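Subject: Structure handover and findings

Hi,

Here is the structure for you to open alongside this note. My findings follow below it.

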Amino acid sequence: MTPTEYDFLKRFLKERSGLMLSDDKQYLVESRLVPVARKNGIDTLSGLVAAMQRGGNAVLSNAVVEAMTTNESFFFRDKTPFEHFNNIMLPAMLEKRASSRSVKIWCAAASTGQEPYSLGICLKEAAHKVAGWRFRILGTDLSSEVLEKAKAGIYSQFEVQRGLPIQMLLKYFAQQGDLWQINPDLRAMIEWRKLNLLENFSHLGEFDIVFCRNVLIYFDQQTKIDILQRIARMM
C-alpha cells in the first residue's frame with residue numbers, strides 16, 4: 001500500500017467513524033483490511049482502496065469501517081463505574097424520579113453488549129429497591145456485526161470469565177455447550193440500535209444516565225468536545 005493510498009484510508013476513516021490513525025499504524029490497517037479485501041474477491045490492499053475510491057459500494061465501505069473500529073469489551077469493565085452506578089447514580093435516580101418511576105440509560109459505543117448487560121445485572125441485583133420501576137437501557141454502536149452479537153447475548157467461556165463473578169454467571173446465564181447465553185428476561189431489558197456518534201443523535205431523546213466510555217480516545221480533541229456537548233444537551 002502506497003503512502004497516498006494510506007492517506008486516503010486515514011481520511012476516509014476519520015470522516016466515517018472519527019478514527020484518527022497515525023502514520024505508524026499502517027501495519028494495523030493491513031492486518032485488519034487484508035481479510036476484508038479477500039472476502040470481497042480483491043487480491044491486494046491497493047485494489048481495495050481503488051474499489052473504495054470508485055465509490056458506489058456501501059457494503060465494502062461499511063466492512064472497512066467495521067474492521068477498523070475496536071470492539072474490546074468485557075463484563076463490569078474497570079469495576080469502578082459500576083460501583084458508582086450502584087452506590088451513587090441509582091440512589092440519586094430513585095430519589096429524583098420518584099414521581100415517574102422511570103429511568104432512561106444510554107450506553108454509547110456498546111460494542112458486543114457487555115456494558116449494558118452489566119447494568120442490567122446491577123438492576124436485577126437491586127430488584128428489592130427498584131420494584132415497580134421502569135428502566136430503559138439503550139445500547140448503540142457503529143457496527144452492525146457487534147450489535148447482532150449483543151442482541152443474541154451469547155458469549156464464549158473466555159468472554160464470561162472476564163469480569164463476571166461466577167455466582168452471577170450461574171444466575172443470569174444458561175449454558176449452551178461451550179457457550180453461555182444471557183437469560184431472556186435480561187435480554188428483554190435492553191434495546192439495540194445502530195448509531196454513529198459523528199452524526200446527529202438527538203432523535204434518541206433525553207436520558208438520565210449516559211455511559212460513553214473508551215470510544216472517545218480514538219477521536220481528535222474537537223470531535224470529543226462536540227460529542228460530549230451534544231450528549232450533555234440530551235441529559
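Is S143 buried or exposed? S143 counts as buried, because its relative accessibility is 1%. Buried means under 20% relative accessible area, exposed means over 50%, and partly exposed is in between, with a 1.4 Å probe and protein chains only. S143 sits in the loop between β2 (134-141) and α8 (144-152). Its C-alpha is 18 Å from that of K10, and the two are 133 residues apart in sequence.

Two notes on the source. This is a predicted model, where local features need pLDDT of at least 70 and side-chain atom pairs count only at pLDDT 80 or more, while totals for chains, interfaces and linings use all residues. Residues are numbered from 1 along each chain as its sequence is written, and side-chain values use heavy atoms, with hydrogens and water left out.

**Overall**

The protein has twelve helices and seven strands. Both are DSSP runs numbered from the N terminus: helices are H or I with at least four residues, strands are E with at least two. The C-alpha trace spans about 60 × 45 × 30 Å along its principal axes. Of the 235 residues, 46% are buried. Take the contacts between residues at least 6 apart in sequence: 75% of them join residues at least 24 apart. Contact means heavy atoms within 4.5 Å.

**Cores**

The largest nonpolar core has 37 residues. Such a core is a set of buried Ala, Val, Leu, Ile, Met, Phe, Trp, Tyr and Cys residues joined through side-chain atoms within 4.5 Å. F75, L164 and F173 touch the most other members. Helix α6 (residues 114-125) gives the most to this core, with five residues. Leaving aside neighbours within four places in sequence, L164 is in contact with F75, F76, I121, L169 and F173. Another core, of 22 residues, lies apart from the largest one; Y6, L19, L21 and M68 are among its members. In soluble globular proteins, nonpolar side chains tend to be buried together.

**L13**

L13 is in helix α1 (residues 3-17). L13 is buried, because its relative accessible area is 0%. Beyond its neighbours within four places in sequence, L13 contacts G18, L19, L21, V64, V65 and M68.

**Helix packing**

Start with α2 (residues 26-39) and α4 (residues 58-68). They pack at an angle of about 140°, with axes 9 Å apart. That angle makes α2 oblique to α4. Axes are lines fitted to C-alpha atoms, for helices over the stretch in contact, and angles run from 0 to 180 degrees between N-to-C directions. Under 35 degrees is roughly parallel, over 145 roughly antiparallel, 65 to 115 roughly perpendicular, and the rest oblique. The crossing of α2 past α4 is right-handed. Right-handed means that the near helix is turned clockwise from the far one by less than a right angle; anticlockwise is left-handed. On the α2 side are L28, V29, R32, L33 and V36; they meet L60, A63, V64, A67 and M68 in α4. These contact residues divide into nine nonpolar, no polar and one charged. Here Ala, Val, Leu, Ile, Met, Phe, Trp, Tyr, Cys and Pro count as nonpolar, Asp, Glu, Lys and Arg as charged, and the others, Gly among them, as polar.

α5 passes α6 in a right-handed crossing. F82, F85, N86 and L90 of α5 make the contact with E115, S118, L119, C122 and L123 of α6. This set has six nonpolar, two polar and one charged residue.

**Loop residues**

S73 is buried, with a relative accessible area of 14%. Apart from neighbours within four places in sequence, S73 contacts S111, T112, Q114, E115 and R162.

Most residues other than glycine have a negative phi. D78 is not a glycine, yet has a positive phi of about 70°. D78 lies in the loop between α4 and α5 and is partly exposed, at 45% relative accessible area. A109 also has a positive phi, near 55°. A109 is in the loop between β1 (102-108) and α6, and counts as partly exposed at 25%.

Best wishes
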